[in-house]
Amino acid sequence: MPLFSRRRRLPAAERARLDLRSGDTVLASTELADGQWVVATRRALHVLNSDEVARSPWCDVDGGTLDPATRTLSVRWVWGATSQIVFPEEPGARTFSQTFRERVQQSVVHVVTAAVPDGRRVRVALRRDEDGELFTQVIPDGVVDLADPAVTAAVDAAEAEVRDTVGLPR
């Protein structure tokens, strides 16, 4: 049974540190090798270390990739940064990553990809915030100059397409 020795429920003291808002609930949690906890709730991703709790709504997460060999979940943020979550065991990594994927996908309603003049691509996503409100989000592949009028026109057209597709006003 050593594979499951670190797999345990989120302790009450750690759960009490979460900023659980009305209607929120813990869906998955895992203790990491360094003693931190990573928690997926309906509304947000939480990383608890000894000093603080980092809380990020799912709409701030662009996506993630699990490397099963290293049990590392690479979290891509909408602002372009990447964070690493290293799990101590495979069952915890797989279980948590499945919940992670489901929550990110739940926040995405519709996505349109647009090419901008320099050849880069920009995704315009209609997403749900943690309260269920819809909003559009521009996620560039790399650095894109949004001050460039041609880029702005391409992004505006993609945003209009996203909003029209789901019947939202522009």
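**Entry 1: the order of elements**

I read the chain from the N terminus, and its elements run α-β-β-β-β-β-β-β-α-β-β-β-α. I took helices (H or I, at least four residues) and strands (E, at least two) as DSSP runs, numbered from the N terminus. I noted that this is a predicted model, where local features need pLDDT of at least 70, side-chain atom pairs count only at pLDDT 80 or more, and totals for chains, interfaces and linings use all residues. Residues are numbered from 1 along each chain as its sequence is written, and side-chain values use heavy atoms, with hydrogens and water left out.

**Entry 2: the chain as a whole**

I looked up the box that the C-alpha atoms fill, and it is roughly 60 × 35 × 25 Å along the principal axes. Of the 170 residues, 38% count as buried. Here buried means under 20% relative accessible area, exposed means over 50%, and partly exposed is in between (1.4 Å probe, protein chains only). I also checked contacts, meaning heavy atoms within 4.5 Å. Among contacts in the chain with a separation of 6 or more, 39% come from residues 24 or more positions apart.

Is S2 enclosed or open? I found that five of its five residues are buried, so S2 is largely enclosed by the rest of the structure. Next I looked at which way its side chains go. In a regular strand the side chains alternate between the two faces of the sheet. In S2, Trp37, Val39 and Thr41 point one way, while Val38 and Ala40 point the other way.

Then I looked for pairing, which needs at least two DSSP bridges between two strands. Strand S1 (residues 26–31) pairs with S2 in the antiparallel sense over five bridges. Val26 stands opposite Thr41, and Trp37 is the bridge partner of Glu31. The hairpin of S1 and S2 has five residues between the strands, and there I spotted Gly35 with a positive phi near 90 degrees.

On to strand S3 (residues 44–48): S2 and S3 run antiparallel and are joined by four bridges. Leu45 in S3 is the bridge partner of Ala40. A hairpin through two residues joins S2 to S3.

**Entry 3: the nonpolar cores**

Which residues have the most contacts inside the largest nonpolar core? They are Phe87, Phe96 and Phe100, in a core of 16 residues. I used this meaning: a nonpolar core is a set of buried Ala, Val, Leu, Ile, Met, Phe, Trp, Tyr and Cys residues joined through side-chain atoms within 4.5 Å. Strand S2 (37–41), strand S6 (72–77) and helix H2 (90–107) each supply at least two residues of this core. H2 gives the most, with four residues. In soluble globular proteins, nonpolar side chains tend to be buried together.

I followed Phe87 further. Leaving aside neighbours within four places in sequence, Phe87 is in contact with several residues, including Leu32, Val38, Leu73 and Phe96. Apart from this core lies another, of twelve residues, among them Val112, Ala114, Val116 and Ala158.

**Entry 4: a stop at Ala157**

Is Ala157 buried or partly exposed? I found Ala157 partly exposed, with a relative accessible area of 46%. Ala157 has its place in helix H3 (residues 149–166). I also looked up how Ala157 lies relative to Ser97: the two are 60 residues apart along the chain, and their C-alpha atoms are separated by 34 Å.
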